[in-house]
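Q: Could you walk me through this structure in plain words? I would like to ask as we go.

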Amino acid sequence: MANPPKDPTMQVPLILWAAMLVSHILFLVVGHVARPPDGAGAGDVQMISITLTGVGVVVALLSALGVPLFARTQAFLTAMILRFALAEAVSIFGLTLAMLGADMQWTYALTALGVMAHIAAFPSEREREAHERRRGGA
């Protein structure tokens with residue numbers, strides 16, 4: 001386990017990050033449990049699966065690249081919460097597909113993408129310092 005942050009104000013982003021990381025796994029479990037039996041889904045969900053996966057990729061990229069640029073005038077915690085929420089939305093797309101009866105490969109792919117975006121948003125002190133430099137130059 002990593003050492004506790006030197007700055008106590010970093011504890012809240014770390015707690016939020018860890019709690020929201022767990023939600024990705026919960027969405028995957030719920031998707032398995034609540035998934036309709038084979039053939040009982042919402043019909044042909046192939047197009048929906050492709051569309052939501054494409055949107056998921058865009059949202060994950062927005063979380064990693066867009067938020068640091070667009071939220072540079074916001075407080076660090078606000079920017080982090082936005083990144084966490086966008087990463088979590090990608091996994092929710094996978095949960096949606098599972099509940100519609102899509103092949104679980106789509107759910108696995110979107111959950112993995114959401115987790116990767118979430119890990120990329122880890123709130124380190126270095127990230128906070130970089131955010132504050134961007135904020136100061138905004």
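Q: Let's start with Trp17: is Trp17 buried or exposed?
A: Trp17 is buried, because its relative accessible area is 14%, where buried means under 20%, exposed over 50% and partly exposed in between, with a 1.4 Å probe and protein chains only. Please keep in mind that this is a predicted model, in which local features need pLDDT of at least 70 and side-chain atom pairs count only at pLDDT 80 or more, while totals for chains, interfaces and linings use all residues. Residues are numbered from 1 along each chain as its sequence is written, and side-chain values use heavy atoms, with hydrogens and water left out.

Q: How many aromatic pairs does the structure hold?
A: The structure holds 1 aromatic pair, and a pair here means that rings of Phe, Tyr or Trp (its six-membered ring) have centres within 6.5 Å, with planes under 30 degrees apart counted as stacked, over 60 as edge-to-face and the rest as tilted. The rings are those of Trp17 and Phe122, with centres 4.9 Å apart and planes at 90°, so the pair is edge-to-face.

Q: And where do Trp17 and Phe122 lie?
A: Trp17 lies in helix H1 (residues 11-34) and Phe122 in the loop between helix H4 (104-120) and helix H5 (125-136), so the pair ties together parts that are 105 residues apart in sequence. Helices are DSSP runs of H or I with at least four residues, strands are runs of E with at least two, and both are numbered from the N terminus. Phe122 itself is partly exposed, at 37% relative accessibility.

Q: At what angle do the axes of H1 and H4 cross?
A: The axes of H1 and H4 cross at roughly 180° and come within 10 Å, where axes are lines fitted to C-alpha atoms, for helices over the stretch in contact, and angles run from 0 to 180 degrees between N-to-C directions. That makes H1 roughly antiparallel to H4, since angles over 145 degrees count as roughly antiparallel, under 35 as roughly parallel, 65 to 115 as roughly perpendicular and the rest as oblique.

Q: New topic: which residues is Ile48 in contact with, leaving aside its neighbours within four places in sequence?
A: Ile48 is then in contact with Leu97 and Leu100, contact meaning heavy atoms within 4.5 Å. Ile48 is found in helix H2 (residues 46-70) and is partly exposed, with a relative accessible area of 38%.

Q: And how many helices are there in the chain?
A: There are 5 helices and 0 strands in the chain, and buried residues make up 37% of its 138 residues.
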